[in-house]
Amino acid sequence: MTKIRLYRLNSLVIMLFALGVMAYALSLPLGGLQQPGAGMWPLAVSVVMALAALGLLVGERDDGDYEPLTRRTWIIVAGFGLMGAFIVIFSIAGLTLASFLMCLVWLRFMAEYRWRTSLVLSIALTAIAVLTFSVMLGIPMPHDVLNVL
């Protein structure tokens, strides 16, 4: 694949991802603007993603604005993997443990903070998340293994 065509791969990957999300969103109830269903926001976001990817696919003429792929680039892939892990842990163990682990791994290994800073920030951010969603907003959460609230 030539260098000129390689940058188009980004747009194609984003387009395929957006189309997959669209298909999944359409399998959920959409609802209406006054009472949106579970598929409304995923559909809206995936349409915007697909249009942006199409714009890049058609409009880009060179690869001058793109950074080269390096070992550090894979941190983005790891970030998506962590988001998936967060969802799994959240559904099994609840908000507290999932938030703490996500923050800790993200801060320590992805942002490369020191252990002490990572632990302090993870505890603080977890407390803020629990207080915001469970207490202030009153959003019902799955059973929490730590039984915080």
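## Nonpolar surface patch

Leu-131, Phe-133, Val-135, Met-136, Leu-137 and Ile-139 form a nonpolar surface patch of about 590 Å². A patch is built from residues with over 30% relative accessible area and no salt bridge, nonpolar side chains (Val, Leu, Ile, Met, Phe, Trp, Tyr) being joined within 5 Å and like charges within 9 Å. A salt bridge places a side-chain nitrogen of Lys or Arg within 4 Å of a carboxyl oxygen of Asp or Glu. Areas come from the Shrake-Rupley method with a 1.4 Å probe, and for residues only the protein chains shown count as cover.

One of the patch residues, Met-136, belongs to helix 6 (residues 115-136). Met-136 counts as exposed because its relative accessibility is 67%; the classes are buried under 20% relative accessible area, exposed over 50%, and partly exposed in between (1.4 Å probe, protein chains only). Helices (H or I, at least four residues) and strands (E, at least two) are DSSP runs, numbered from the N terminus.

## Basis of the model

This is a predicted model, in which local features need pLDDT of at least 70 and side-chain atom pairs count only at pLDDT 80 or more, while totals for chains, interfaces and linings use all residues. Residues are numbered from 1 along each chain as its sequence is written, and side-chain values use heavy atoms, with hydrogens and water left out.

## Nonpolar core

The largest nonpolar core has seven residues: Met-15, Ala-18, Met-22, Ala-25, Leu-43, Ala-50 and Ala-53. Such a core is a set of buried Ala, Val, Leu, Ile, Met, Phe, Trp, Tyr and Cys residues joined through side-chain atoms within 4.5 Å. Helix 2 (8-26) and helix 3 (40-59) are the elements that give two or more residues to this core, and helix 2 supplies the largest share, four residues.

Leaving aside residues up to four places away in sequence, Leu-43 touches Met-22, Ala-25, Leu-26 and Leu-30; contact means heavy atoms within 4.5 Å. Val-45 also lies in helix 3, and is partly exposed, with a relative accessible area of 46%. Its C-alpha atom is 8.3 Å from that of Ala-18, 27 residues apart along the chain.

Thr-126 lies in helix 6 and is buried, at 5% relative accessible area. Beyond residues up to four places away in sequence, Thr-126 touches Thr-96, Ser-99 and Phe-100.

Glu-112 is in the loop between helix 5 (95-110) and helix 6. With a relative accessible area of 55%, Glu-112 is exposed. Its phi is near 60 degrees, a positive value in a residue other than glycine. Most residues other than glycine have a negative phi.
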